[in-house]
Amino acid sequence: MPQQSGSDVPELAPVADQTTPHPPRQRIRTGPPRGGSPGVRSPRASRWRAQTNHPAVWTPWLYMLPGLVLFAVFFVWPAVQALQLAFYEYDGISAPVTVGLDNFDRMLDDPRFHEAFVNSFLFLFGMMPLAVAVPLLLAVLVNQKIPGIQAFRLAIVMPVVVSMVAVAVTWKYVLDAQGVLSWLVTSLGISDEPTAWLLSSDWALPCLIVIEGWKSMGIYMMIYLAGLQAIPVDLYEAAQIDGAGIWHRLTKITVPLMIPYVAVTSTMAMLDAMQVFTSVYVMTRGGPQDSTMTLGYYVWSKAFEDYEFGYASAIALVLWAVMIILAVVNYQLTKERR
Amino acid sequence: MTVGTRRRRASTLTGNYLLLLVLAVIFVGPFIVLVASSLKPATQDVFSFPPDLIPRPPVLDWFIRAWTVIDFPRYLLNSVIYVGVMVPAYLAVSALTAYPLARMRFRFRTVIFFLFLSTMFLPGELMLIPRFLVVSELGLADTYAGVMLPGLLSAIGIFLLRQTFAGVPQELDDAARIDGCKEWGVFWHVMLPAAKPALAVLAIFGFISVWNSFIWPLVVLKDTSKYPIALGISYLTGVTGTDVRSVAAGTVISLIPVLIFFIVMQRHILEGMKGAVKG
């Protein structure tokens with residue numbers, strides 16, 4: 001049948017062609033009138049469609065009912081509240097007081113907000129290469145058909161499966177002043193003194209970035225791997241015959257063909273990096289000296305430690321606006337290269 | 001093939017394995033340190049220069065302590081409940097919502113689809129506070145339902161299943177209808193079986209994300225006896241303080257179910273993901 005032309009919404013063409021002898025006439029009149037788009041096809045064909053792909057008006061809504069209710073209660077309602085709260089002062093107990101744009105004014109001279117803003121962007125810039133470039137190399141590496149490769153794939157994906165709390169506990173043993181990293185650094189002669197990495201205001205943020213990257217690389221690698229396996233092998237064989245080396249094959253074939261996947265991974269990584277919270281909460285609580293205070297953590301801390309729901313909502317709103325802008329920029333960047 | 005190229009092949013293969021081995025150490029190494037710490041007896045230091053990863057002798061004391069000092073079985077059971085209810089419900093909601101969006105024609109179909117997709121751009125951080133207020137208003141704060149309900153709808157689930165349903169050949173649909181299937185029959189006997197790989201991927205990631213859920217339960221729950229395991233571990237860290245061995249042991253226990261599940265299910269992932277990005 002010709003109607004499956006690969007569009008993502010399949011054109012559900014009428015079945016009432018010559019091969020369908022008798023559309024069930026007795027049902028035609030029971031089909032409820034639709035306000036859709038009549039008149040394009042022959043009335044007979046479109047009524048037969050009504051039976052197959054145009055069910056009763058309420059049928060699709062019945063199917064979507066649970067989804068729509070959850071959407072209304074846990075997305076629309078809170079989203080409206082979030083918008084409102086940003087213009088109120090509210091401590092969760094006494095009645096909210098409207099304060100206009102005060103919450104946004106306050107952000108302008110809040111040094112901790114500035115710190116959080118800068119840290120979030122540092123986090124973003126640190127995360128992007130770890131989440132976008134390194135996993136592509138990993139995917140190329142584990143896409144080889146050599147014995148035991150499945151075990152190596154599993155090893156790289158393992159941190160993805162594990163909760164951030166468990167990751168935090170795990171890394172504490174590595175990053176302790178007496179831990180493995182300090183030992184490596186001192187025995188290689190890079191530094192004389194062992195460092196308590198997460199307690200140093202210089203090192204805590206880089207450590208968090210590396211840990212977040214380490215934890216999420218596996219999922220990005222899997223996305224690339226799915227993409228790599230869709231590349232026809234003969235492309236590489238042809239390039240090899242033409243004398244292209246590994247580097248050329250990587251930059252001239254793999255990377256260009258992976259751009260759609262880069263669009264996916266970079267968007268995911270960006271959204272994740274901008275709202276990083278759990279790793280900060282379980283490892284540093286924003287410290288030492290606010291050096292790991294990110295926007296995500298600041299929102300949480302304002303709301304659930306200081307009970308300033310209004311101010312916290314305003315910050316969340318700014319964070320959301322930043323994320324939308326970044327998503328649009330990212331979309332444009334990856335679109336042009338396609 | 002000449003001897004030279006064969007030798008070169010062999011050496012790149014060795015190089016590859018060495019590189020892969022280094023990577024495996026980077027990704028799995030920290031967990032080995034964790035397991036070693038959880039098995040070390042009290043007489044052996046957890047930290048030492050150079051690191052000493054062999055417990056002499058391995059003991060299970062810390063596992064017993066982690067299991068008893070907090071209500072560990074309770075947290076495990078809670079997580080099993082959360083996963084057992086949320087994952088099937090999540091699959092059901094996603095499939096029921098995706099089916100009309102993929103295969104029925106009705107007014108506002110595109111609008112509805114984009115509304116659902118737009119939830120992807122409502123970050124958890126933004127929704128945390130108002131959602132907490134909504135859940136409190138509904139009287140669901142500090143309840144299992146309050147933890148579970150907001151997690152049942154996700155744009156990704158709807159998107160992935162809609163793509164999958166849309167790709168099911170119309171002939172299968174028609175054949176089922178000729179055989180007398182009504183709308184529900186088509187959904188149940190044609191669409192769901194055809195979407196098995198996608199459902200498997202959603203179930204796997206659903207399991208992992210529910211098992212590891214942390215922020216939302218932390219916000220909703222006051223009663224520690226309803227904590228999922230990830231919060232339990234965080235609580236254990238608070239209770240045992242500097243007893244790093246017990247924390248390590250508790251963490252190891254919390255990892256075992258999700259790791260086993262993942263290793264058993266992982267062969268389905270690549271399969272389902274290929275279908276997902278294609279669309």
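# Reading a predicted two-chain model

Author: Between chain A and chain B, about 9,200 Å² is buried, and carbon and sulfur atoms give 77% of that area. Buried area is the accessible area (1.4 Å probe) that two parts lose on being put together, summed over both. In chain A, the residues that lose the most area to chain B are A:Tyr63, A:Phe74 and A:Tyr173, together 10% of what that side buries. This is a predicted model, in which local features need pLDDT of at least 70, side-chain atom pairs count only at pLDDT 80 or more, and totals for chains, interfaces and linings use all residues. Residues are numbered from 1 along each chain as its sequence is written, chains are lettered from A and ligands numbered from 1 in the order in which they are written, and side-chain values use heavy atoms, with hydrogens and water left out.

Reader: Why start with an area, and how many residues does the contact take from chain A and from chain B?

Author: The size of an interface is often given as the accessible area lost when the parts come together. Here the contact (heavy atoms within 4.5 Å) takes 104 residues from chain A and 101 residues from chain B.

Reader: How many salt bridges and how many residue pairs in polar contact are counted between chain A and chain B?

Author: Side chains of opposite charge can pair when their charged atoms come close. A salt bridge is a side-chain nitrogen of Lys or Arg within 4 Å of a carboxyl oxygen of Asp or Glu. Between chain A and chain B the count is zero salt bridges, while nine residue pairs are in polar contact, both residues at pLDDT 80 or more. A polar contact is a pair of N or O atoms within 3.5 Å; within protein, one must be able to donate a hydrogen and the other to accept it, and residues adjacent in sequence count only if both atoms are side-chain atoms.

Reader: Which helix gives the largest share of the side of chain A that touches chain B?

Author: Helix α3 (residues 58-85) of chain A gives the largest share, 19 residues. Helices (H or I, at least four residues) and strands (E, at least two) are DSSP runs, numbered from the N terminus. By class, that side of chain A has 74 nonpolar, 23 polar and seven charged residues. Ala, Val, Leu, Ile, Met, Phe, Trp, Tyr, Cys and Pro count as nonpolar, Asp, Glu, Lys and Arg as charged, and the others, Gly among them, as polar.

Reader: With what is A:Gln81 in contact?

Author: A:Gln81 is in helix α3 of chain A. Leaving aside neighbours within four places in sequence, A:Gln81 is in contact with B:Pro130, B:Leu133, B:Val134 and B:Glu137. A:Gln81 counts as buried because its relative accessibility is 15%; buried means under 20% relative accessible area, exposed over 50%, partly exposed in between (1.4 Å probe, protein chains only).

Reader: What is the secondary structure of chain A and of chain B?

Author: Chain A has 14 helices and two strands, and chain B has 14 helices and zero strands. Buried residues make up 50% of the 338 residues in chain A and 53% of the 279 residues in chain B.

Reader: Where are salt bridges found in the whole structure?

Author: Over all chains, the search finds nine salt bridges. A:Arg106, A:Lys302, A:Asp306 and A:Glu308 are linked in a network of salt bridges. A:Lys302 is buried, with a relative accessible area of 7%, whereas A:Asp306 is partly exposed at 35%. In chain B, B:Lys226 forms a salt bridge with B:Asp223, at 3.6 Å between the closest N and O atoms.

Reader: What is the phi of B:Phe108?

Author: Most residues other than glycine have a negative phi, and most peptide bonds are trans. B:Phe108 has a positive phi of about 70° although it is not a glycine. B:Phe108 lies in the loop between α3 (72-103) and α4 (109-118) of chain B. At 51% relative accessibility, B:Phe108 counts as exposed.
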